[in-house]
Amino acid sequence: MTTLSRIGQGPAVVRQGPARHFAAGALCLILLALAVLASVMFGSKPTSAADVLRVVTGDGDGYVRTVVESRYPRTALGLLAGLCLGVAGTLMQGITRNPLAEPGLLGINAGASAAIVAATAFLGASGQHETIWWALAGALATGVVVHLIGTAGGGSGPVRLVLAGAVLSAVLAAFIQAVALSRPQVFDTYRYWVVGSLGGRGFDAFWAVLPFAAVGFALAVLLAPGLNAMAMGDDKAASLGVSPARVKGAGLLAATLLSAAATAAVGPIAFVGLAVPHLVRVLVGADFRLQILFTSLAGPTLLLFADVIGRVLLRPQELMVGVVTAFVGAPALLFAVRRMRGAA
Amino acid sequence: MKTAERIDTPAVTASRPVRPTGRSLVRIGPWVAVPVRRRTAIAAAVTLLLLLGAAVATLSLGRLGIDPADLPSALMGEATGKNAFVLNRLRGPRLVVAIATGAAFGLSGALFQSVTRNPLGSPDVIGLGAGSGAGAAAAALFFPDVVPVPVGALLGAVIAMAVVYFSTGSGFRNPGRLVVAGIGVAAMSTALTQYVVYAVERDKASALTAYINGSLAARSWEDATTIWLVLLVCLPLAALLARPLSIVEMGDDLSTGLGARPARTATAAVSLSIVLSAGAVSVAGPIAFVSLTAPQIAKRVTRGGGPHLVMSTLLGALLLVLADLTAQQLPLFDNLPVGLYTMAVGGAYLGYLLLREWKRPA
């Protein structure tokens, strides 16, 4: 309550507790560093922190070097995807004012999946390197269509977008399953992609989506003050010279770019985009500038730790990070349900 | 409190003839009530006729179809050779299962939407379909020859609903919490399902995926008995709930004033809805969107208030039989699970509903 009423003064939130935010920021950075270290250390062949240090500084024998370096791509992907999902979730929850909003709701996952399935089935695309472009195109195209449906008839509104996303996801899901079930080869590509995993993707995926992620992130940072103004209500924001419609539109565009980048690179991953913004709000309050900064630290941390857990749990096999996040995130959500007030 | 309600209630009753909203029409005397009832009766009769037509088409279309001229005698038990095989093994049980499963989904959705007052509310939304899919997948991966897949689906649905029930902290009473808990349960179930589909061999994964989308292929008379029993037990219970439900739809305060006990009615309706859906899922897999669309169409056809239990039941059966007819006869794809057709058509219909609603000037 108090935090909410203070958003009005915008900057006051920052001045209110800089010491606390520095402490929180330091904590997040340390955790992120630990997550990165864990991500290059653990796997089917465990290595020690000393090994990692030797490899990074250019020493270390060939075998350990190969092992450690093979974990660089997935660590980089985890950093990027975690950041994208976290920031996209923050934007969507801020714009829709729906605490359950997350990237999957805009139809991004379904769009990317449908594009991959269609490209494999009808255009003979195969392998990571080709499908990632299709996934990106599909995710972006779905984002656009969802926006068009959601704003049909003049009006617009976040609830409409989410409903439009749900509708499009259902229709695309039917298409995906129909094609996948009638063509075994396509089914194979699809079922491996749809689980959501950081492993086996390589640096190509990272470089392919990086530009989209960068544009989305820059847009998010630029929009933060506008989002702060909008938290007081559209009317007050308008009186401060902020156009709510423009902020919403640009914010959803940024969220679409970010989630499309993440989904194309690593497949659909649940709950990171949902949970991280909530954690961050507890930590830093309602200021969107801080929220975006902190989600871009906390998102990667969470995703990398989930990936490490997945690697260690069933060693020498591994559990895909998408499965881990669902099994960590869902119980947290179920626990939070009890604290919801009244009937929604 | 008491006095306030006593003053309120007559006031509302008095104002009703002045503002004849859809929901009050049924209850304000014979003159206004008759047209609504007649409309519902006609709609029900038309739906039944369409259902009959779809059933005849299901039995007689296609290469193996029974000639409609032979159908009456075949149904009297005089079928021989190919016709007997088609009627007793291939399409007969499938049709009978489709009718009851569709009816169960339709009724289940009507009960659930009446409680949540949300067109998107259906047992699928609180994770029943996803839970049953995970149950089926887990049975296939971990206990391949011990637990049959349909039993796994039923167990999965029951476990998912138990988790939802206990995690809300208020049972099935609070629709908002139900939906959120459902999202969590569905996410976990989907993750488990996808993991299994990833981990098993391709053929097995493919069969499993077909089942998880909801299929009516190769159903037996045992399946038919199961789902008809569930339906016949639940129908009278639903009829008992119809009246309290239509009162509860007026809002918690008013219905408490009228003595309807909203919390208890909600719990009973959601529980019944879950039993119906779980029964349907155990014989046919989680078929999407029937429980969501049937009550919506019913509402538009009858143009009345209340939970539309009868019309939703009939329309559910009609929708599923039509979808299965398409699945059997459409030459485009071979033998796709019927759940894919309901998903595509139901999703498109939902989109159409939303678009139409948004185009209307607010």
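I began with confidence in chain B, where helix H1 (residues 2-15) of chain B is lowest at a mean of 37 and helix H13 (residues 309-329) of chain B is highest at 91; the scale is pLDDT, the predictor's confidence in each residue, from 0 to 100. Helices here (H or I, at least four residues) and strands (E, at least two) are DSSP runs, numbered from the N terminus.

Before going on I noted the conventions: residues are numbered from 1 along each chain as its sequence is written, while chains are lettered from A and ligands numbered from 1 in the order in which they are written. I also noted that this is a predicted model, in which local features need pLDDT of at least 70 and side-chain atom pairs count only at pLDDT 80 or more, whereas totals for chains, interfaces and linings use all residues.

**Confidence**

For the complex I wrote down the predictor's ipTM of 0.77 and pTM of 0.77.

**Chain B as a whole**

I looked up the secondary structure of chain B and found 14 helices and zero strands. I then asked how many of the 362 residues of chain B count as buried, in percent, and the figure is 54%. The cut-offs are that a residue is buried if 20 or more other C-beta atoms lie within 10 Å of its own, exposed if 12 or fewer, and partly exposed in between, with C-beta atoms placed from the backbone. Among contacts in chain B between residues at least 6 apart in sequence, 75% join residues at least 24 apart.

**Where the chains meet**

I next turned to the interface, where 40 residues of chain B are in contact with 39 residues of chain A. On the chain B side, the elements that give two or more residues are helix H6 (149-168), helix H7 (175-199), helix H8 (202-212) and helix H14 (338-359) of chain B, and H7(B) gives the most, with 15 residues. By class I recorded 24 nonpolar, twelve polar and four charged residues on that side, where Ala, Val, Leu, Ile, Met, Phe, Trp, Tyr, Cys and Pro count as nonpolar, Asp, Glu, Lys and Arg as charged, and the others, Gly among them, as polar.

**Two phenylalanines with positive phi**

I kept in mind that most residues other than glycine have a negative phi. Phe271(A), which is not a glycine, has a positive phi of about 80 degrees, and I located Phe271(A) in the loop between helix H13 (244-266) and helix H14 (272-284) of chain A. Is Phe271(A) buried or exposed? Phe271(A) is buried, because 28 other C-beta atoms lie within 10 Å.

In chain B, Phe289(B) has a phi near 75 degrees, again a positive value in a residue other than glycine. Phe289(B) sits in the loop between helix H11 (262-284) and helix H12 (290-302) of chain B, and with 29 C-beta neighbours inside 10 Å Phe289(B) counts as buried.

**Single residues**

I found Trp134(A) in helix H8 (residues 127-150) of chain A, buried with 20 other C-beta atoms within 10 Å. Leaving aside neighbours within four places in sequence, Trp134(A) is in contact with Ala115(A), Ile116(A), Ala119(A) and Ala125(A). Leu254(B) lies in helix H10 (residues 252-257) of chain B and, with 17 C-beta neighbours inside 10 Å, counts as partly exposed.

Key
Two residues are in contact if their C-beta atoms, placed from the backbone, lie within 7 Å.
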